[in-house]
Amino acid sequence: MKIESAIYNGYAKATGGREGYAVSSDGALNVKLSTPKELGGAGGDGTNPEQMFAAGYSACFLGALRFVAGQEKLKLSDDSTVSARVGIGSLPDGFGIEVDITVELPDIDQTTAKMLAEKAHVVCPYSNATRGNINVNFEIV
């Protein structure tokens with residue numbers, strides 16, 4: 001699905017692949033990359049694309065939750081959280097990822113939290129980018 005026009009554009013450049021660096025055009029993101037031991041790397045103190053995807057999806061999904069809560073005239077607690085686990089594994093012709101999202105909305109009952117998560121999954125840009133491409137599972141705690 002193509003957007004009509006971008007409201008904002010984020011830019012980043014990676015050098016050195018999984019053993020290099022990633023830097024945003026404004027310098028706000030400047031991270032060392034390292035390959036996890038589970039993927040045959042040395043591990044180390046750098047981050048990796050899976051962790052960055054998990055952080056981005058978590059933040060974006062929480063923003064989507066706040067948006068749909070506002071539409072429903074609900075206020076989410078400042079302690080609301082979204083966590084993501086991004087798994088990477090083999091596909092027949094390469095590699096793929098899967099995502100488990102955990103939503104924690106203190107002071108919101110389970111039924112309402114599930115409804116908000118379902119609506120957020122419709123509006124979240126990460127959800128829209130991944131829908132039909134990878135498995136995304138949700139847990140409401």
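Residues are numbered from 1 along each chain as its sequence is written, and side-chain values use heavy atoms, with hydrogens and water left out. Because the model is predicted, local features need pLDDT of at least 70 and side-chain atom pairs count only at pLDDT 80 or more, whereas totals for chains, interfaces and linings use all residues.

Helices (H or I, at least four residues) and strands (E, at least two) are DSSP runs, numbered from the N terminus. Two strands are said to pair if DSSP finds at least two bridges between them. On this basis, strands E1, E2 and E3 form an open sheet in that order, with antiparallel pairing. Its edge strands are E1 (12-15) and E3 (30-32), each of which pairs on one side only. Neighbouring strands of this sheet are turned by 10 degrees against each other on average, direction ignored. Axes here are lines fitted to C-alpha atoms, for helices over the stretch in contact, and angles run from 0 to 180 degrees between N-to-C directions. Strand E2 (residues 21-24) pairs with E3 in the antiparallel sense over 3 bridges; Ala22 has Val31 in E3 as its bridge partner.

A further open sheet consists of 3 strands in the order E4-E5-E6, and its pairing is mixed. Strand E4 (81-91) and strand E6 (136-140) stand at the edges with a single partner strand each, so one side of each is left without a neighbour in the sheet. The twist averages 20 degrees from one strand to the next. Helix H1 (residues 49-71) packs on this sheet and touches E4, E5 and E6, its direction making about 140 degrees with that of E4. Contact means heavy atoms within 4.5 Å.

E4 and E5 pair in the antiparallel sense over 11 bridges, and a hairpin joins E4 to E5 through 2 residues. Within this pairing, the bridge partner of Gly87 is Glu98 in E5. Strand E5 (residues 94-104) and E6, by contrast, run parallel and are joined by 5 bridges; here Val103 has Ile140 in E6 as its bridge partner.

The loop between H1 and E4 contains Ser77. This residue is buried, with a relative accessible area of 17%, where buried means under 20%, exposed over 50%, and partly exposed in between (1.4 Å probe, protein chains only). Ser77 touches Arg66, Pro106 and Asp107, not counting residues up to four places away in sequence.

Attention now turns to the cysteines. With a disulfide defined as a pair of cysteine sulfur atoms within 2.5 Å, the count comes to 0 disulfides. Cys60 is in no disulfide. The sulfur of Cys124 is 3.6 Å from the closest cysteine sulfur, in Cys60, which is too far for a bond. Cys124 is buried, at a relative accessible area of 0%.

Rings of Phe, Tyr and Trp (its six-membered ring) pair if their centres lie within 6.5 Å; planes under 30 degrees apart count as stacked, over 60 as edge-to-face and the rest as tilted. A search of the whole structure finds 5 aromatic pairs. The rings of Phe61 and Phe138 have centres 5.2 Å apart and planes at 35 degrees, so this pair is tilted. The pair links distant parts of the chain, with Phe61 in helix H1 and Phe138 in strand E6, 77 residues apart. Phe61 is buried, at 0% relative accessibility, whereas Phe138 is partly exposed at 32%. Both residues belong to one aromatic cluster, formed by Phe53, Tyr57, Phe61, Tyr126 and Phe138.
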